[in-house]
Amino acid sequence: MASYDDDENFGSYGVVGSFPKDFGYGPDEQDTEDRSPSAENKPRILLMGLRRSGKSSIQKVVFHKMSPNETLFLESTNKIVKDDISNSSFVQFQIWDFPGQIDFFDPTFDSEMIFGGCGALIFVIDAQDDYMEALAKLHMTVSRAYKVNPNIKFEVFIHKVDGLSDDHKIETQRDIHQRANDDLADAGLEAIHLSFYLTSIYDHSIFEAFSKVVQKLIPQLPTLENLLNILISNSGIEKAFLFDVVSKIYIATDSSPVDMQSYELCCDMIDVVIDVSCIYGLKDGEGSCYVCVRVLYVVPMFVYLFVCLQAEGRGGELLCVCACAICCTHVCLFVCLFTG
């Protein structure tokens, strides 16, 4: 059974800003020997990188609501850990967390099995460490994976940037981008496209980066974006997101650029809604529950949260945050927060 043997050392995830354990995806990890059709048919996201680069921390913070401070006590991964994410019809995939010391030339490493059904490969680079070795491993990993499956989406997380200044972040990203693409060009692999993201588990950057990765695995994405664009053009809404509530990654958004402050505001609102609904909301089967806290109108127990931002045209300040939640039974619910 693929699991974290030291999970009991972390205690409850019920810290400030985290979800309760019963509000999540279900079991944390799938058995490493699981070969059921439902598991095999899901797209695969591979988390790779050197040891202590932050791969397991990313997985735990984004999909299992672990506090970033608790990840300091995670031990290094010494085997492939498979995590089944099955929250809805849109969020259906597996995450495979690989140990940093994995040897691609080991006879027991089955490249066809590993990369054959892979939808995206995320390579994590520690920005606070010397990344020359990581770039060499990135080149070897990408080259091997591309030969097996040219359709893989290659993503590079330049991680742990919370300890860097803004200028240092930009310079680090530019340097890694340049070196990685130069290595591919020298090897005649110009066809490989690498996407780069600056990430940290201590802010919302890791959630936005994972949102971009997951969106590439959703075949319905163009339709969802088109519907959101229609909504935007026929209303006074400034920006629209379709969120997966549990992970706070957004499944789709309209075609206008994503403003990080708006995204953070929506994430904070989701935390408030969940916190209130877990205190005052009713469980499934007990009927509808409406909770009014000042001007916050809450309907709990939902899977998706559709969040829209509406700004006042006169001064541009935000007047309203409204949301529509869609549960598994296709019932539309509404959450509104008025400020100003």
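Which residue just after α2 takes a positive phi? That's K65, with a phi of about 55°. Before going on, a word on the model: it is predicted, with local features needing pLDDT of at least 70 and side-chain atom pairs counting only at pLDDT 80 or more, while totals for chains, interfaces and linings use all residues. Residues are numbered from 1 along each chain as its sequence is written, and side-chain values use heavy atoms, leaving out hydrogens and water.

Now step back to the whole chain. You'll find 8 helices and 13 strands (DSSP runs numbered from the N terminus, H or I of at least four residues for helices, E of at least two for strands). Of its 340 residues, 51% are buried, meaning under 20% relative accessible area with a 1.4 Å probe, counting protein chains only.

Next, look at helix α4 (residues 132-148) and helix α5 (residues 166-186), whose axes come within 10 Å and cross at roughly 40°. Those axes are lines fitted to C-alpha atoms over the stretch in contact, with angles running from 0 to 180 degrees between N-to-C directions. Where they meet, M132, L135, L138, H139 and V142 of α4 face I176, R179, A180, D183 and L184 of α5, with contact meaning heavy atoms within 4.5 Å.

Technical notes:
Buried < 20%, exposed > 50% of the residue type's maximum accessible area, 1.4 Å probe, protein only.
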